[in-house]
Structures are given as structure tokens and as C-alpha cells.
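Good morning, colleagues. Please turn to the structure on the screen.

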Amino acid sequence: METLPINPVGEKSTSEPQQQWGGNPKKSLHPTAQTRQQPQEPGVLELRMSPAPSQLLEVPPGAGKLAAALEGDAEKPRGSASEMPEPLRAPVLWDCPDGSFVKKIVIRGHGLDKPKLGSRCRVLAFGFPFGSGLPEGWTELTMGLGSWREGTWGELTEKCLESMCQGEEAELQLPGHSGPPVRLTLASFTQGQDSWELEASEKEALARQERARGTELFRAGDPEGAARCYGRALRLLLTLPPPGSPERTVLHANLAACQLLLGQPHLAAQSCDRVLEREPGHVKALYRRGVAQAALGNLEKATADLKKVLAVDPKNRAAQEELGKVLFQGKKQDAGLAQGLRKMFG
């Protein structure tokens, strides 16, 4: 029986309902709600803070007025809307620890709380590039849920919101991005939870949702988006006590399929290693690691993995073809080495 080379493992064709953009929030915004940009004083130097993950700057947007313009939310926002944001004499820069963006805090927020998993955030956004899939103007975003997080800009937006206090206004500056910065104002948000506060059943349920969405994206030809979903699911499950969830095996195998398509054989081999630690005879992981090792030039390791696949499934055409390529490449290398030795000693 043939095994498809990189299809996700054991997935049913299910579709999860996704949160849609543009949905009306429970309460309408005041029609006169506006943002104000604070002028910067000329000649004032910007301050760059070190990106200590455990100590994010408590400085954000002048959305005190914005928060005050929001009429009676269904749930009480974190922090008092009556507190006025404190303008900064000079913008403060905060580097995201993973290096994906720099946040310039234009207007300081208030309080110490920040959005967590499940927090519903009222956000004013401007400057997303065309085709980003994210809306301009007022919107409500739920941390950890919804299709808005799947694209590159969605992922960056969520990371930025995780570092913001209520009322903060900030700009996202991306390395190598030549367009104008994206401006975000976090007007208010509801209380959420850190992932470690969730029950094991809640983590597993969220991980299943991420896995299902990742498989949909993979089948739709979006391995990058699928990899993000599988990665988020794994981060949820990695916090479970031993022996952990069996879902991790499938997620690592599916992540390896994405990484191969994205030209990341080193990462794909590592993902397959995680699978084979739990299930040494996992056929798809053996095949994908063989492909990854071949791409890395490790022909002996690739040959060993592919032969293990054929020992279990002798009619696996994908493994047969890949093994043929590996053996041919090995013969070319041997011939080249022999020719070099003849020139050296001939």
C-alpha cells in the first residue's frame, strides 16, 4: 500500500468554523471616537531597551480617550478607562525577543496587565499592507483564537498585543520592511489566562483545533500557515506532565511535512526525530527523515531510513523512487572521489 510522501498524518477532512473579520462587536463604538497622535519633540533621542522577555516595557498608546469612547462592554475591561495615558517625551523602543519586529511605543498605557490567551481585545489598527488579510480601523481580536492569526502579519500582531497594556499606542517596525509602520492601539481587553493556568483537557481541546486548522491549510497549499498551527498546538501540549499527549507524535510528523515543503530539511529531520523517539517504526517519519537527510547530503543516513520504510512496506513507490535517487547520488559521489584520487596519485 503506497504512502503519500508528505501528507499530514491520520487527518480526517474536517473543517472548523473560523472567526470572521468584520463581525460587529457586542457593543458599538461611539461615533466620535478618534485616536490622537502625540507630536514628538524635535531632536529628542529615542531610547532602546534591552529585550528582556520577563520585563516588557509598561509603555503604550494614548487610548485612554479611546477606551472612554467605548460604551458599556459586556465584560469589564482590565484597568480603569478613566485613567489618562501618559505621553512620552521620546518614543521607547522594545525589541521582540525572537527578533521578528521592533515596537515603538508612542503613547504610554496604564496598569500592569496584558492580554492573555482568550482575552478579547478592542484594537484600532492602521497601516497593514494590501493583501495582509487584516482589517483597518476598529476591530475585536481574540488572543489565541481565530483565522486572523494565521498570516505573517497576524502572528506579529498577536505577539505585539501580548506585550501591550491598556491604552497603549505603538508602531510595529519590521526588519527589511520598507513600507510605513503598522500602528496599533489597544483600547481595552477582557481577562484571559496564561497557558499554564489551563486545565489539561482545555489545552488538548485547543491543540486539536489548531491541528485541524493546520491540516486544512496544508491541503489548501499553505504549508507555512499549517506549520504555524502545528507549532502552536505543540507549544500547548509540551506543558502537559509526562508522558504527555499522543497528539504530539502526529503533530511533529505533520510539521516535518511542512518543513520539507518550506525547504527546511534540518528542522524536518529534528521533527522526525521527535516522532521516532516515541514510535521507532513510524513509516511516514522514517520516509520524511530519509528525504531530509538526502537533502542535507547525509546519504548513508537517508539510505538507512528509506530501507526501513521498504522493509515495512515493500510496495511504497515514493520510498522506492527516493532510494533510487539517493543511491544514484552516492554512485556519483564515489565516481568523483575515485577520479580525484587517480589525478592525485596517477
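This is a predicted model: local features need pLDDT of at least 70, side-chain atom pairs count only at pLDDT 80 or more; totals for chains, interfaces and linings use all residues.

Residues are numbered from 1 along each chain as its sequence is written, and side-chain values use heavy atoms, without hydrogens and water.

The second largest pocket has a volume of about 310 Å³. A pocket here is an open set of points on a 1 Å grid over the protein atoms alone, where a 1.4 Å probe fits, with protein on both sides within 12 Å along at least five of seven lines; lining residues have an atom within 4 Å of a point. The volume is the space filled by probe spheres set on the points, which are joined across faces, edges and corners. Of its 14 lining residues, A227, L255, Q259, Q264 and L267 are closest to the centre.

Helix α4 (223-237), α5 (247-261) and α6 (265-278) each give two or more residues to this lining, and α4 gives the most, with five. Helices are DSSP runs of H or I, at least four residues. Because domain 2 (205-260) and domain 3 (263-331) both contribute lining residues, the pocket lies between them; these bounds come from an automatic or database domain assignment.
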